[in-house]
Each structure stands twice: as C-alpha cells, then as structure tokens.
There are 2 protein chains.
Amino acid sequence: MMSKEFSFVGKRVPKLDAPEKVTGQIAYGHDMKLPRMLYGKILRSEYAHAQILNIDTSRAEALPGVRAVITAEDIPDMRIGWARDHPVLKAGKVRSVRDEIAAVAAVDEDTASEALELIKVEYEELPGVFDPEEAMKPGAPVLHGEAPNNIQEKMRQSYYHGDVEKGFSESDVVIEDRLTLPFVTHCCMGTSFILADFSPSGDLTVWSSTQMPFLYQRDLSMVLGIPASKIRVIKAPVGGAFGSKLDMYPFEPICVLLAQRTGCPVRITYTREEEFVVGPTRQPVICDVKSGAKGDGTLTARQVSMILDNGAYSSWGATTPLVMMQTISSLYRVPNVKYDVVVAYTNNPYSGAMRGYGNPQATFVVETHIDMLAHELGMDPMEFRLKNANQSGDVTGQGVKITTCGLTECIEKAAESVTWKAKRAKPDARGVGMASLIHVGGGARIYPSDGCGSTVKVDDFGKVTLISGSTDMGQGADTVMAQIVAEELGVPVANVTVVNADTDITPWDVGAHASRTTFVAGNSARLAAMDAKSQILEGAAENLGEKAEDLDMKEGKIFRKGEPEESIPFEKMVRSKHFRPDGDIVLARGWYEPPTERQDKEFRGNISAAYGFATQAVEVEVDTQTGEVTVLKIAAAHDVGRAINPMAVEGQIHGGVSMGLGYGLYEELVVEEGQVLNPNFADYALPTALDMPEIDTIIVETDDPAGPFGAKGMAEPACIPTAPAIANAVYDAVGVRIKDLPITPEKVLKALNQKKESEEEK
Amino acid sequence: MMSKEFSFVGKRVPKLDAPEKVTGQIAYGHDMKLPRMLYGKILRSEYAHAQILNIDTSRAEALPGVRAVITAEDIPDMRIGWARDHPVLKAGKVRSVRDEIAAVAAVDEDTASEALELIKVEYEELPGVFDPEEAMKPGAPVLHGEAPNNIQEKMRQSYYHGDVEKGFSESDVVIEDRLTLPFVTHCCMGTSFILADFSPSGDLTVWSSTQMPFLYQRDLSMVLGIPASKIRVIKAPVGGAFGSKLDMYPFEPICVLLAQRTGCPVRITYTREEEFVVGPTRQPVICDVKSGAKGDGTLTARQVSMILDNGAYSSWGATTPLVMMQTISSLYRVPNVKYDVVVAYTNNPYSGAMRGYGNPQATFVVETHIDMLAHELGMDPMEFRLKNANQSGDVTGQGVKITTCGLTECIEKAAESVTWKAKRAKPDARGVGMASLIHVGGGARIYPSDGCGSTVKVDDFGKVTLISGSTDMGQGADTVMAQIVAEELGVPVANVTVVNADTDITPWDVGAHASRTTFVAGNSARLAAMDAKSQILEGAAENLGEKAEDLDMKEGKIFRKGEPEESIPFEKMVRSKHFRPDGDIVLARGWYEPPTERQDKEFRGNISAAYGFATQAVEVEVDTQTGEVTVLKIAAAHDVGRAINPMAVEGQIHGGVSMGLGYGLYEELVVEEGQVLNPNFADYALPTALDMPEIDTIIVETDDPAGPFGAKGMAEPACIPTAPAIANAVYDAVGVRIKDLPITPEKVLKALNQKKESEEEK
C-alpha cells in the first residue's frame with residue numbers, strides 16, 4: 001500500500017503506556033487513595049426472585065468504623081438502565097442474585113465487609129423464571145409490573161427488506177435451524193471501579209473506569225438529580241472494558257450517594273466474584289434461522305427470529321439487536337431479509353454491551369447457515385462466500401452504504417493462509433472452516449452526535465499535546481492518536497502527549513464504543529493537527545518571507561516544498577512565532593462529526609461512515625475419541641482501511657481471536673436458577689496462552705476515503721467470526737454441526753455418536 | 001463607576017477554592033503521595049564559609065531504608081541561578097549555611113533525617129564576609145573566583161535621565177541621607193515542595209509549588225540536561241508564594257536527581273526552619289539618597305546609590321534593581337534622576353524575589369525623602385505629593401507610558417480617610433503619614449513573550465471550562481478568570497471551571513509575577529470567552545434565522561438585543577449547535593500579548609501596558625516612654641483600573657498591608673555571621689491578627705483601556721507603601737525620623753532620646 005509515504009502512520013509503534021503497564025507502575029483506579037477516603041461495599045440478594053420483608057441495618061450501623069449504611073428507604077426512587085427499569089437500591093423485591101439491597105461506607109474494606117454480614121434481610125422467596133422462552137409464556141412469574149409478559153414493548157423489534165416468502169419460494173434450497181448461544185462475560189483483568197468525591201461547594205468529581213465519560217456525566221446527573229454542570233468525570237487507567245464499562249450500573253450512583261452522605265471520598269472496587277456475577281454479560285440467544293439460495297449459489301432470503309435473555313434489568317444488552325440486525329440484513333448480498341427479535345426479562349444476571357455488541361451471535365447464526373447452504377448445494381463454502389460477498393459501492397437493503405470493502409480479498413487471503421483448497425473436505429479428523437463479518441467502522445450514530453473534539457497545542461520545546469475527547473481503555477487509542485498528530489506535524493511520536501477522558505478538560509466525544517475511536521477521534525485529532533500545522537506554517541511563512549502553501553513540515557523540520565535539505569527546526573519555528581511582537585502560540589482545534597444518519601423507524605439508514613470486513617479461516621483437529629477440538633491455526637484477514645499502527649492492529653486481532661476462541665470452545669457463565677456457578681477464573685474457562693493456536697494476522701488495506709489516512713475501525717471485529725469459523729471447521733473435519741456454543745468435547749462426542757448411529761441406521 | 005452594567009465583574013465573589021481551603025480538604029503538595037514514593041532530605045553546611053575536606057556517606061548508605069545518597073561527586077557540575085553561579089550540590093567549598101552538601105532518599109522522613117545525621121563532613125572553616133559594603137573592599141574574602149570583588153559585572157547597573165547635577169544646582173533645597181533596609185522573608189504558610197516522578201519511558205513529571213510552571217519546565221531542562229519536551233510541570237495547590245516560588249532552587253533538581261537515581265517518585269518538603277534559612281529573602285539594602293526641590297515644591301532631582309546584599313548566590317534578587325529603578329525614575333514627576341546600584345556577594349543567605357520585587361525598598365527610600373523634602377520646605381507632605389503626582393498621559397524619563405493614573409485621587413481619598421488635615425502636625429504623640437507607589441499593572445516584559453494563552457470549552461450542560469496559562473498561587477486568580485469568562489458568556493461564575501498550571505495541558509504563560517495575572521491572563525481569558533461567545537451566537541443565529549450581531553447573551557440566556565424577555569437558555573443553544581447535522585461544539589481560544597517593549601541597554605522602555613498607583617495613609621500613636629509604635633488605622637487607596645472582584649482586591653490589600661506593617665515595625669530575619677538566629681515563628685515577629693489596625697480599603701477605578709473590563713494589576717502594590725507611610729507618621733507624631741527598618745521601640749526610643757539631647761543642647 002501507500003505506507004511508505006508516511007513517517008509515523010503504518011509504523012509499528014508500541015503503546016505509549018506499555019512501559020508503565022508492563023513494569024506495574026501505572027496507577028489504576030484501584031491504586032487511587034484520597035485523604036479521608038472511605039471504602040464502599042454492597043450487600044446483594046441471596047435469592048434470584050424474592051420479596052424483601054425487612055432489612056435490619058442497626059448492627060451494621062453500630063459497628064465502629066462504619067460511616068454510612070444506606071438502603072432504598074434512604075434515597076429517592078432512582079432508576080437507571082436503557083428502559084429505566086432498574087432501581088439503584090432495591091425496595092420491595094429482588095429480581096436477581098446481583099440485586100443491590102444495601103450499601104455501606106467504612107474506614108477500611110474489612111470493616112465494610114463485616115458490616116455487610118451484620119445486615120439482616122428477611123425474604124419471602126418467589127418462584128423465578130430462568131429461560132426467556134419460558135418467561136414469555138402466560139402464567140410465568142412476572143418480574144416487572146409494567147412488563148406483563150416479561151417483555152417491554154420497545155424490546156420487541158422487527159426488520160425486513162425485500163420479501164422473504166417470495167425469496168424462499170424462488171430458492172432451490174432452503175434450510176431451517178435453531179441455534180443457541182450461551183452466557184459469557186468480559187473477564188476484564190481490572191475489575192470495575194469508582195471513586196466519588198464532593199468538594200465542599202458540592203461539586204462532584206468521579207474517577208471511573210467508564211468508556212463513555214461524557215454520557216456517564218449525563219447519566220449520573222439524571223439519576224442523582226445533580227446538575228451535570230457540577231459533575232466532573234475522570235477516566236482512570238482502565239484494566240480492560242470490552243463494553244462492560246459502557247453503561248452506568250447501580251454501584252456507581254450508590255458510591256456517589258455514600259460520598260454525599262458521609263462527606264468523604266468513597267471508593268468501590270469489585271471483587272473478582274462481583275465482576276463475574278454483577279457485571280453485565282453477553283446476552284444468551286435462542287435463534288431460529290431459515291436461509292435460502294439458488295442452485296448457482298445466489299443467496300435468496302434470510303429469516304431470523306431471536307429470543308434474547310435480558311436478565312432482570314435492561315442495560316445496553318437490550319439494544320444489541322440493532323447490531324445483530326445489520327449483520328443479518330447486510331452480511332453478504334441478500335435480497336430478502338426478515339428479522340424478529342424479542343428481549344425477555346428473566347431472573348438471571350443481566351446482559352450488557354460486550355465487544356461486538358450482538359454481532360458474535362448474529363455472525364454465528366449467519367455464517368453457520370452460509371456454510372450449511374454451501375454444503376447443501378455441494379459448493380465449496382469459500383466459493384459460495386465469494387459469490388455473495390459484499391463489494392465496494394454496495395448499498396444494502398438496510399441502507400448501509402459500503403464505501404470500501406475488502407471482503408473478497410479477506411476471504412481469499414484467509415483461505416490461502418490455511419491452504420484451504422488443499423485441506424478442505426479431507427477424510428481425516430482435520431478440517432478447515434471460515435467465517436466473515438461486517439461491522440461499523442466509521443462511527444455508529446446512536447446518539448444525536450457521533451462526533452469528537454480535539455485541541456492541539458505545541459510548546460516552545462516542540463512538545464505537542466493533543467487534548468482529545470477519545471477514551472483509551474487499553475485498546476491503544478492514545479498511541480494511534482499520537483501517530484496521527486505526529487504524522488501531520490512531522491514530529492516524533494514520543495513528542496506527542498495525549499490527554500483524554502476528563503470531562504472538565506477534554507472536548508466532547510460520545511465515548512469508546514462501536515470501534516469508532518480511530519476513525520472519529522482520529523479524524524478529529526487530524527483536523528486539530530492540520531490547524532496547528534497551518535498556524536506554524538503561516539508563522540514560518542511570515543518569518544521567511546515565503547507563502548505558507550510553499551512550505552512543508554517533516555521530521556521535525558520546516559522547509560520549502562521539495563527542498564528539505566535547507567530547513568529550520570520545528571521547535572525553533574514555533575518559538576520564533578511565539579517570541580516576536582504580535583506573536584502567537586500554536587493552539588489549534590478540531591471537531592469531526594461523521595457524515596452519517598440515524599436509523600428511521602424501520603431501522604433503515606446509514607449509521608456509519610465506513611464499514612469494516614474480515615474473514616477468519618481456521619484449521620482444527622478433532623479428537624474423535626474425546627470430542628476435543630484443537631484449533632491448529634487461525635488466519636485472520638481484516639479490512640482495516642489502513643493500519644495506522646500494524647502492531648496495535650495485530651494486538652487487537654490476537655486479543656479478539658482469543659475472545660472468539662473462548663466463545664467458540666470454552667467459555668460459559670454457568671447460571672442455574674439464577675445463580676452463577678463459576679464466578680472465578682478457576683471454573684470459568686477463559687483461554688490461556690497455552691490454548692492459543694498459531695495466528696496469522698493479515699491486514700487488508702482499502703484506504704477508506706473518509707478515514708484518517710484511510711483507516712477504518714477494527715477493534716471489535718476480531719472476536720466476531722472466530723466461533724462460527726471453528727464450528728464450520730469442525731463440520732469439515734468430522735461432519736458434525738454444533739449449533740450450540742461453546743463447542744465442548746461433550747457436545748462433539750454426542751454429535752459424533754448420533755451421526756454414527758444415524759449412519760448405522762441407514 | 002460603571003460596575004452596575006456588569007453581571008459578574010465588580011461583584012464580591014468568594015474565592016472558588018475557599019471552601020476547600022477553610023475546611024482543610026484541599027490537598028496541598030505536602031498531602032501528595034504516590035505509590036513507591038520516597039522522601040528526600042538535604043544535608044546543609046554547618047559553616048557560612050568553609051572548604052569541604054571530605055564527605056563520608058558510607059554510614060548513611062548502609063542505613064536500612066535509604067535508597068540513595070548523592071553528593072556533588074555523583075552528578076555533573078550543574079549550576080543554576082540568574083548568574084549561573086549556584087552549584088546544585090556543593091563541591092570544594094560552601095559559601096553559606098544553606099549550602100546543599102548531600103541529599104538522601106529514603107522510605108520515610110525519619111530514615112531520611114537519620115541518614116543525614118550519619119553523613120560526616122570535614123570542613124576547614126574560612127573567614128566570611130557578611131556585609132555587602134565590606135565584601136566589596138579589597139582584601140575581603142572572595143566567594144566566587146569569577147567575581148574578584150564579590151561583584152559580578154552584570155550586577156552593577158546605572159541609570160539616569162536628565163542631569164542630576166544640574167537639577168540639584170537649580171534646587172532650593174537638597175537633602176541627603178543613608179537609609180537601610182533589613183532581611184525579611186516571605187513566611188508562606190505552605191513550605192516549599194517538589195515531587196518528581198519518572199515514567200518508565202523517561203518522561204519526567206514534577207509537581208511543584210512553582211509560580212512559573214513554563215519557565216520552571218525550561219529551567220529544569222537546562223540544569224538537568226533533560227529535553228524540555230520530556231518534562232511536565234504541574235503546579236500543586238500552593239500555600240502562599242509571594243515570589244519565593246519564582247525561581248528554581250537546588251532542592252528541585254536534587255529531588256529530580258534522586259528520583260532518577262532510585263527509579264522511584266521522590267518528594268521533598270521543607271521544614272519551617274528550612275523555609276526560613278534556605279528560602280530566598282527580600283534583599284537588604286544600604287542606600288544613599290539625595291533629593292532636591294524648588295521652593296514652590298517642584299521636584300528637581302533624585303539621586304540614589306544602593307548596595308544590595310546578594311547573599312552567596314544569585315537568584316532573582318539580583319535583578320530587583322530593575323524594579324527599584326522604575327520607582328526611583330518615575331514615582332512623582334522628577335526631571336533629573338540618577339541611580340547606581342551594586343549587588344554584592346556575602347556569606348549570608350541569598351536574596352530572591354519577594355512581593356514588590358525591590359519596590360518596597362525603593363519606595364521606602366523615595367517616600368521618606370519626599371516627606372523630608374516637604375518638611376524642609378514647610379509644606380504639607382500631602383500637598384507636596386499632589387503637586388508632583390504622576391498624571392494620566394505622562395511619559396516618564398525612563399519611557400514609562402502612564403495610560404491611566406489615579407494617584408491624585410488615591411492621595412486625596414487616603415488623606416480624607418485619616419482626616420489628614422485635622423490630624424497632621426499636632427503636638428501629641430499621634431501622627432499621620434502617607435506614602436504612594438507606582439508599579440507595573442499591565443504585565444512586565446522581562447522575557448521575549450509576556451503573553452498568556454487560554455482555551456474555553458462549553459459542554460452540553462452549559463458547564464464552561466477555561467484552560468488558562470495563568471497560575472493561581474493563592475492570590476485568587478482563578479476566581480477572577482472565572483468572573484471574566486462568566487461576564488463575557490453571561491453564565492454564573494459557579495458554572496465556570498478554571499484549569500491551570502499544567503504544562504502539558506494549559507497554553508503558555510510566563511508565570512505569576514509582576515502583578516500581571518489579572519491583566520494579561522484576564523485579557524487572554526476574555527479573548528477566548530469572546531471567541532466562544534461568537535461561536536454560540538453564530539450557532540444561535542443559524543438556528544433562529546437571525547444575524548449573530550443582533551443577538552446577545554446574559555444571565556444564561558440568548559436573546560435578540562433589547563428583547564431579553566423572549567430568550568433561549570444558554571445550554572440549550574449550545575446543545576442545539578452540537579446536536580445537528582454538521583454541528584459543532586463550543587471550543588475557543590485566546591492569546592494575549594501586551595503591547596509593550598523590552599528595556600534597551602540604558603534601561604529605557606515601556607515594559608508594561610498599564611501602571612498601578614496607590615497611596616496609603618496611616619495614623620500612629622507612639623509611646624514615648626517605650627518607643628512602641630501603634631498603628632491605629634491604615635487607609636489604603638489603590639488605583640486598580642477596575643476591581644473585577646472587590647472582595648479579592650480587599651483581600652490583597654489586607655494581606656499586603658499586613659506584610660507592609662511587618663516590614664515597617666516588626667520583621668527582621670536576624671542574620672549574624674551568616675547564621676539565621678530566628679528561623680521560626682516564635683522568634684520571627686510576623687504580625688498576627690491582633691497586631692492589625694483598622695484598614696480602610698479604598699478602591700480607585702480608572703478603567704484602563706487596555707485592561708480586561710478596565711482592570712490593572714494590583715497584587716504586589718498593597719505591601720509597598722505601608723512601611724514608609726508608617727515612618728512618615730512616626731515623624732509626624734514625635735518628630736523622629738527612622739531611616740532603618742524595622743521601626744522597633746529601641747530605635748524610636750533611641751531617636752527620641754537623641755532628639756531630646758539635641759534639643760537640650762540647643
């Protein structure tokens with residue numbers, strides 16, 4: 001590609017905060033201590049569904065070192081969540097084992113824990129419902145009065161384009177299946193955190209692990225009734241988020257209430273068990289899917305009907321159908337699509353945002369059926385995909401405008417990497433499979449603004465500061481921003497400091513979600529850097545008696561275009577602009593709002609300025625004696641527009657593949673009767689380094705015209721197609737189709753035995 | 001005045017940080033702790049002048065908990081100070097009792113202190129010189145090889161305008177005296193502080209009590225050889241500075257060196273004794289002054305010759321003659337002036353910047369002589385001052401361009417407040433005296449730029465952030481900045497957050513000195529707010545289909561000019577500008593560089609864009625039995641251009657008068673043979689609340705055309721004329737002239753006795 005033209009874009013730059021992180025010197029929120037700080041802890045429900053008869057906090061209150069104990073009685077009725085269905089502290093009844101009943105603030109964590117044990121809660125247990133299909137049936141226990149069948153009206157959605165009935169009737173092959181997807185969770189290395197502190201004037205400062213500082217400021221204001229103008233949110237270094245820190249949860253207003261009540265700073269950090277039980281999950285899905293194609297392999301129709309387990313309350317999980325919908329409507333060219341979804345309350349832990357935001361589930365469904373259709377038609381699944389692949393310039397039935405699309409190249413390169421043709425359909429226990437994806441890569445307009453603001457200042461020593469609305473939550477955004485600014489100004493990346501995620505200081509941004517940061521914040525940073533550059537060049541032009549447009553900057557030098565040998569050091573020019581009569585400093589601004597639209601009532605519209613594509617091809621070996629699946633290799637070909645930082649792109653792919661591998665083979669949050677049975681890393685089977693296969697990262701660059709230096713977002717995608725690619729490879733290896741993740745040895749063995757039995761029957 | 005037109009300017013707004021300060025909740029640097037932080041301490045010289053024969057640190061190094069011990073041997077030869085004459089750690093010889101010989105970093109302060117005791121230094125004591133006049137004599141002990149007579153060439157300066165010889169020859173009265181001024185020191189409630197921390201990438205962050213973050217960044221870079229682009233300076237809340245935190249001192253690079261050596265954050269805080277002995281002082285002055293006037297009271301000539309005690313090294317104290325010079329050349333209209341000054345090294349503690357920066361000394365000299373001339377002429381000293389008072393439009397012999405001057409009004413109002421005519425020259429032991437001043441009030445161009453940068457952002461909730469280069473060191477600058485921005489945008493002051501003094505975040509500013517912040521940073525903040533206002537009004541105009549120039553903002557509302565009854569809330573308009581296609585956020589910039597010039601080689605030039613004036617009139621009572629002077633009342637009339645915050649102006653005047661009162665009557669750092677004998681608040685007689693007289697603060701507004709809303713700087717002036725006003729009042733009360741501060745009972749009694757004797761002799 002064009003990378004050679006760039007000085008810093010396209011270069012392998014280690015994350016700016018890597019040295020601090022690998023040496024353990026970084027101070028995460030958990031390391032934060034303020035003078036007089038108290039420790040908050042939360043008492044949660046013992047039952048998945050129960051009436052609270054009485055709460056006795058008197059013994060806890062009497063414990064020395066306890067500064068406050070609060071229950072729902074002590075606060076106004078505060079409700080949070082997408083459907084405003086979630087009381088911050090529970091009164092009357094509890095609906096899941098994560099439910100917050102009381103909270104304490106004490107001088108140390110041990111005292112706070114002891115106080116929780118001293119709170120006596122009397123319950124009357126209620127029958128619960130733990131399956132979303134059961135929950136919708138008449139007579140099922142009802143969680144919320146305002147949702148009679150455990151469904152809120154706005155949690156039932158339908159989308160269509162074309163006419164699926166007509167599509168199926170014109171098909172040569174139609175298949176129909178039920179697939180199911182499990183509870184999994186984020187497993188952030190850093191657990192959730194908040195530290196709340198009121199100034200004597202009543203101004204609230206919150207240090208948080210949030211991914212969305214500005215919406216968090218708004219949410220805190222709305223629930224607490226404190227004017228947003230009196231709230232400052234500072235994002236502390238985040239030890240992983242993956243969507244789990246996208247929403248505000250009850251512990252956060254609770255912590256603020258404890259700070260308000262005690263007049264002291266209060267910090268709450270989750271234990272690992274809380275992170276598993278109380279944190280949001282990826283929503284389990286029951287999915288009926290029907291797909292059709294013509295004999296030549298042309299897709300004709302796709303009909304999907306989903307039931308999502310919302311858990312007891314609504315977080316962003318209830319809105320993931322909007323992302324699933326895009327994959328169902330737009331991954332591969334399909335003229336007729338219908339999608340119905342219902343999100344039902346259960347007494348399970350509740351579902352939230354998690355990397356991919358519904359897309360891993362939707363992609364598992366679509367790509368399983370793509371593979372099955374190909375087999376039904378006797379086609380090579382790769383050829384089938386190539387035939388139906390999206391192309392640059394396509395506008396899908398949903399109105400998704402695909403500006404650049406590297407899907408064909410991704411399919412071909414991933415296949416090549418696993419020597420697809422040579423390995424597929426061989427009569428051994430080895431097999432290859434693949435799956436692709438579409439995902440927003442140029443923002444996602446789900447809020448009135450999808451923009452980001454930036455300022456750039458350059459000091460007298462050539463030190464550049466980018467103050468950016470963007471949020472680095474470990475994904476490396478700061479480094480990419482620094483590269484973009486460095487490229488534009490022609491100064492080393494090490495000279496660029498990135499300041500972000502402090503609502504008092506940084507310009508607005510909607511937050512880190514939808515893989516939008518490189519694209520949106522990157523464009524914003526670039527605009528600010530371009531403004532700074534023009535300020536410097538104008539200054540230089542005046543000093544040198546040249547025209548600004550005849551000058552250029554690179555490698556820390558300013559020179560006449562085409563004459564780099566005669567140059568003036570960058571910082572010297574900045575100083576000479578500053579240190580002269582009527583001088584000025586370099587202080588620039590940038591604001592970028594992607595040219596997108598919100599979806600209409602029928603869910604149509606182009607919500608992103610660009611779209612990312614990818615194909616992962618995997619080779620597996622199945623132990624037919626044990627059912628164990630070993631992934632030998634994953635080739636991950638991702639269309640990222642342009643890799644601003646190939647090392648960071650690879651890191652995203654490695655991390656995503658690990659997450660996808662866990663989703664495909666190992667991970668499941670085991671929830672029985674609403675109780676989480678494996679809330680720890682010993683029992684929750686997160687893949688370790690030893691479980692990781694060889695990964696071939698293949699960067700496909702399509703140079704998107706709207707992206708900063710051509711880049712598109714690529715963070716979420718890496719985890720999305722891995723599981724269906726594995727499932728498809730298992731089918732190629734041993735001829736069994738696992739439709740229920742994870743693909744455990746038990747399931748494979750059972751399927752192999754059934755297959756054997758059914759073959760013997762024939 | 002015009003104050004009624006304003007919503008927030010001219011209003012009594014309590015300091016924004018007052019609640020945090022009065023409740024003790026503010027975290028000063030001394031409250032800062034970082035993980036792994038070590039405590040640094042410094043071993044200082046036992047002698048005022050000695051050869052170091054040997055330093056044995058072995059026992060200190062062996063002490064458990066000690067992480068580093070450094071001496072001059074461990075570091076390159078690093079020199080700091082205005083004349084680069086000050087080694088950071090001393091090798092070879094020590095020149096004063098404050099000299100840094102070794103430094104340790106240890107896990108706690110006790111261990112660090114113990115380690116200091118274990119360092120064994122062998123000295124050979126050298127003869128010292130403790131009087132600057134003695135120091136200049138041939139044969140005096142020489143401190144620095146490069147300054148043979150204890151004078152650096154650049155520490156000898158001469159200024160003139162007109163021809164003093166001619167002036168004296170045309171005079172009807174000429175008087176000549178020697179006046180002397182003592183060592184005094186700042187007595188900040190918060191002692192000096194630094195915390196230095198290196199990131200694993202080698203980036204240095206320094207939290208400091210500095211008044212000049214950007215010059216400090218440069219100075220640290222220069223002495224340490226670390227690129228300034230790798231240094232971030234953050235000003236912690238400062239517990240008073242008054243000039244003492246204007247320079248960088250050895251403990252600061254020492255702390256950085258300890259952090260570098262240990263790989264840990266290191267904090268150094270001064271003990272109260274260190275603050276007295278090691279901190280800079282106001283320079284003692286020996287001054288010969290000669291003044292002449294005509295019979296009608298017209299000043300003819302002023303000739304001043306000064307010797308300053310520099311102490312052993314050069315800090316900014318050596319440059320205070322530049323400020324003294326302005327008062328000598330320009331306070332009252334004097335056609336002929338000559339000023340010679342020499343700054344001599346001694347083995348005393350060294351002199352630095354202190355509120356007024358030489359002006360208290362110069363004003364004591366000038367105003368004593370003004371008073372004496374009036375008496376010689378038989379004129380009312382008030383009338384004499386009025387006759388010679390500076391006037392708006394004057395350009396003085398030094399090139400000082402006086403745009404607005406309220407001196408006449410100040411003299412009249414201060415006199416009126418103490419019922420001057422009624423009380424003066426009465427034959428009782430009570431008396432009135434007055435003194436005036438001139439001081440820069442519109443910046444002071446001593447550096448290639450005297451500017452300040454600002455950004456203003458407005459969030460969706462109407463919260464306004466000013467990111468300002470200015471430095472609040474307790475003087476209340478943030479509050480004044482907030483008022484200026486609030487006034488311009490028509491939003492409550494409480495909605496404005498001021499972020500300052502972090503070199504990575506805030507735009508450049510030269511620092512808090514020369515009473516420049518309200519004027520320079522205020523103009524900058526106003527420009528940024530005006531930019532923000534125009535962004536909002538342009539957005540509103542588009543939305544409303546109006547012209548921006550037809551709209552106005554006030555009281556949180558936007559309306560058609562003249563039609564405030566029909567309005568749209570400010571924050572709603574900001575949101576509607578943001579939340580629309582092609583929207584934008586409010587993100588503005590300001591840069592203000594005052595239209596001034598650096599002095600030429602003959603010290604001529606207009607270094608400030610405005611000048612402040614004041615007159616303080618005092619009434620005293622003298623106990624003729626004990627010599628004790630009691631100040632009954634101080635009327636302080638200050639021309640401040642406009643009082644942005646009258647409460648803050650009064651606070652400055654109260655604090656300044658207290659400092660001036662101490663200078664006049666009580667304070668002296670007693671230094672004998674280079675040893676400070678009273679390094680504590682028990683022995684150093686700082687005035688307490690009980691010592692304070694009634695203070696009548698009289699704000700004179702001259703609405704300076706260059707100032708923000710007409711304001712001029714007024715912070716330093718309040719301490720400047722108090723001492724001479726008291727001395728003049730003592731003369732009026734009992735007829736004795738004390739020419740040597742402080743005016744202790746002993747001196748008064750001695751003078752009364754001498755007067756009595758001389759009267760008896762007659």
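Biologist: In the open sheet of 4 strands in chain A, what is the strand order, and what kind of pairing does the sheet have?

Modeller: Keep in mind that this is a predicted model. Strands of a sheet pair through backbone hydrogen bonds, either parallel or antiparallel. Here the order reads β20-β28-β29-β32, and the pairing is mixed. β20 (430-440) and β32 (694-700) of chain A sit at the edges with a single partner strand each, so one side of each has no neighbour in the sheet. On average, neighbouring strands are turned by 15° against each other, direction ignored.

Biologist: How many bridges join β28 and β29 of chain A, and in what sense do they pair?

Modeller: That's an antiparallel pair with 10 bridges, linking residues 611-622 to residues 629-639.

Biologist: Which helix lies across β20, β28 and β29 of chain A?

Modeller: Helix α18 (residues 722-734) of chain A does, running at about 155° to β20(A).

Biologist: And helix on helix: at what angle do α10 and α11 of chain A pack?

Modeller: Two packed helices are described by the angle between their axes and the distance between the axes. For α10 (residues 359-377) and α11 (residues 381-388) of chain A, you get about 110° and 9 Å. They are therefore roughly perpendicular to each other, and α10(A) passes α11(A) in a right-handed crossing.

Biologist: Which residues meet there?

Modeller: A:Ile370, A:Asp371, A:Leu373 and A:Ala374 from α10(A) meet A:Pro381, A:Phe384 and A:Arg385 from α11(A). The contact splits into 5 nonpolar, no polar and 2 charged residues.

Conventions. Residues numbered from 1 in each chain as written. Chains lettered and ligands numbered in written order. Predicted model: local features only at pLDDT ≥ 70, side-chain atom pairs only at ≥ 80, totals over all residues. Axes fitted to C-alpha atoms, helices over the stretch in contact; angles between N-to-C directions. Helix = DSSP H or I, 4+ residues; strand = E, 2+ residues; numbered from the N terminus. Parallel < 35°, antiparallel > 145°, perpendicular 65-115°, else oblique. Left-handed = near helix turned anticlockwise from the far one by under 90°. Contact = placed C-beta atoms within 7 Å. Nonpolar A, V, L, I, M, F, W, Y, C, P; charged D, E, K, R; others polar. Pairing = 2+ DSSP bridges.
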